[in-house]
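Please report on the strands, cores and ring pairs of this protein. Keep it brisk.

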Amino acid sequence: MTHDDTTSNARRGEQRGETADGKRRGETADAGGESGALSSSRRRTVLQALGGGVALGAVGALATSPSTAAGADFGDGVNLMPPYYCSGDQDLGWDLMGEYPDIETVRIEIEPPSMGESQATMDDAKRWIDEAYQHGYDVLATYHHHPHNGSADAAHLQNAADWWVEQYDYLSQDAEFTINLMNEWGNHDVTADEYASAYNDALSTVRDGTSYSGPIVCDAPGWGQGTYRLADAVESIDDDDLILSAHVYPVGWNATTGEYLAAEDLDVLDETDYPCMVGEFGSMPENSDGQADWSAIVDHANELGWPVVGWSWNGDGGGMNMADPYWGDDCSADEYATSDYFDVVYDKLGDSGGTATDTPGTPTDTDTPNTATDTDTPDTPTATPPADALVVNDYDGDPAWSSHRNDLGQWCGAGSFQNGGGEVSDGALVLEYDNGGWYQEQINQSVEDYSALILRVSGANGGEESEILFDMGGVRTLLANVTDDSVGTSASDVTVDMASAGVDRSSSSLSLRLNFWQGGSSTLEIEEVRLE
């Protein structure tokens, strides 16, 4: 998407597929040599009959493949577009965002300051990424030079790759993120061969010129809507660690089928060997004349287990902002409220595969154990962990909590508590919460040799396990649902059997996250986090 009304309006015609003379693509052969509009069946056996610049035979072969793509390995989320406002110095609204647990991922659009379009600096861009990471979100960072959205010039994609070579080390100093190579490269006329050639060069540049070793997100051509073109192109792309991304709006146009984007147009991506996602979605303002059923398409992505990332948290020039006030109207806000548009996006989150396996509402008698009793929480001395235990953090001051490093040398942090980011007192991390707060310990290694997560904790009230959302290795649910222990008023061990809970212990990016937006109010003290 774009950041200003003028460009947004211009792009609506481009996305819909109109040529300069008003003709709809598909009525005549386009520059890629494709024939007219196809029947609504969209079967790949029919598409193989298309001639010209798009070699769809490879796509047809996918229909017989026994393997299908899974969704990308992160949860649903929202897009942020901060570079065009407030000199890049605005509060991004983390406190409000933290109240909505189905937002697990943020995609941050970065306009390169050197290109003359951004109000922000690279220091600002680093701050946005660092804050998102510190608040416990999975982060996608996107090169977004808006005059080149929809460009068919391979040099513009190469510019993005060169920019990542120049900036990745700096941006990744204090945070981890997934690279989205460039926002919406390629118009409706880019062929699969042209897309593959341009991306092969750009991907090689990033792989060879940076230390980044994670998956790279590739937006579909045609402003993110050319799903068939992308599915065909990846057959000729040499990089095996990609995430394929579609963008879904009412004006979505599929130049291959010659029709507005439809739910079944996602299936061709799902039948590749690559994980997939919807990198942007939303409903255009009322003056949009698009006919794509964006809501049904996003629902289908959810059914396929793809993460979906809504447009936008803030920064859209056309009113598609979930947080109020809009940065274009107010740069001084440090508190935000949900806008009238908020539910358009949020109602679609939390239903895909992603990392969320359970996001409970009000606890019931079945899934929340009784409040701790004297029998549940004996006043026992601090236990010495077994010699073979993996201590994640024991809060003994070495390293200091303020350094944001734990005993594994990995990042740790907390925020939005009554006492800010928490404080260490007498060998325990003290977190004071009143329906708010997040806590995270990065582990970043496989822990398949360990079966149990041990939290040595105490609570001011006891029974806090029913007020804390547990998030680890693909499991997201109340802490009470994954332990038989209760938090007592004296320090005791709360044990999570990771295998029984379904935690993916093999992940190289494993983290422990606790979320305190479940309506409770208390103080939790954490003396140690370890694995046995």
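## Sheets, cores and rings

An open sheet holds 5 strands in the order β14-β17-β22-β19-β20, paired antiparallel. Its edge strands, β14 (412–415) and β20 (475–478), each pair on one side only. From one strand to the next, the twist averages 10 degrees. Axes for such angles are lines fitted to C-alpha atoms, for helices over the stretch in contact, and angles run from 0 to 180 degrees between N-to-C directions.

The model is predicted: local features need pLDDT of at least 70, side-chain atom pairs count only at pLDDT 80 or more, and totals for chains, interfaces and linings use all residues. Residues are numbered from 1 along each chain as its sequence is written, and side-chain values use heavy atoms, with hydrogens and water left out.

Helices (H or I, at least four residues) and strands (E, at least two) are DSSP runs, numbered from the N terminus. Two strands pair if DSSP finds at least two bridges between them. Strands of a sheet pair through backbone hydrogen bonds, either parallel or antiparallel.

| Strands | Sense | Bridges |
|---|---|---|
| β1 and β2 (residues 105–110) | parallel | 4 bridges |
| β1 and β10 (residues 309–314) | parallel | 3 bridges |
| β17 (residues 438–442) and β22 (residues 511–515) | antiparallel | 5 bridges |

Valine 78 has valine 106 as its bridge partner in β2. Leucine 80 faces asparagine 314 in β10. Glutamine 442 stands opposite serine 511 in β22.

Serine 87 sits in the loop between β1 (77–80) and α4 (94–97). Its relative accessibility is 48%, so serine 87 counts as partly exposed. Buried means under 20% relative accessible area, exposed over 50%, and partly exposed in between (1.4 Å probe, protein chains only). Leaving aside residues up to four places away in sequence, serine 87 touches Gln119, Ala120 and Asp124. Contact here means heavy atoms within 4.5 Å. The C-alpha atoms of serine 87 and threonine 121 are 8.1 Å apart, across 34 residues of chain.

Now the cores. A nonpolar core is a set of buried Ala, Val, Leu, Ile, Met, Phe, Trp, Tyr and Cys residues joined through side-chain atoms within 4.5 Å. The largest has 99 residues, and Val78, Val106, Leu181 and Trp313 have the most contacts inside it. Helix α7 (residues 192–209) gives the largest share of this core, 8 residues. A second, separate core of 36 residues includes Leu390, Ile468, Leu514 and Leu531. Beyond four places away in sequence, the residues that leucine 181 touches include Tyr143, Trp164, Tyr199 and Ile216.

Rings of Phe, Tyr and Trp (its six-membered ring) pair if their centres lie within 6.5 Å; planes under 30 degrees apart count as stacked, over 60 as edge-to-face and the rest as tilted. The count is 20 aromatic pairs. Tyrosine 195 and tyrosine 199 are stacked, because their ring centres are 4.4 Å apart and their planes at 25 degrees. Both lie in helix α7, 4 residues apart, about one turn of the helix. Both tyrosine 195 and tyrosine 199 are buried. Tryptophan 401 and tyrosine 439 also stack, with centres 6.5 Å apart and planes at 15 degrees. Tryptophan 401 lies in the loop between β13 (390–393) and β14 and tyrosine 439 in strand β17, so this pair ties together parts 38 residues apart in sequence. Tryptophan 401 is buried at 12% relative accessibility, and tyrosine 439 is buried at 1%.
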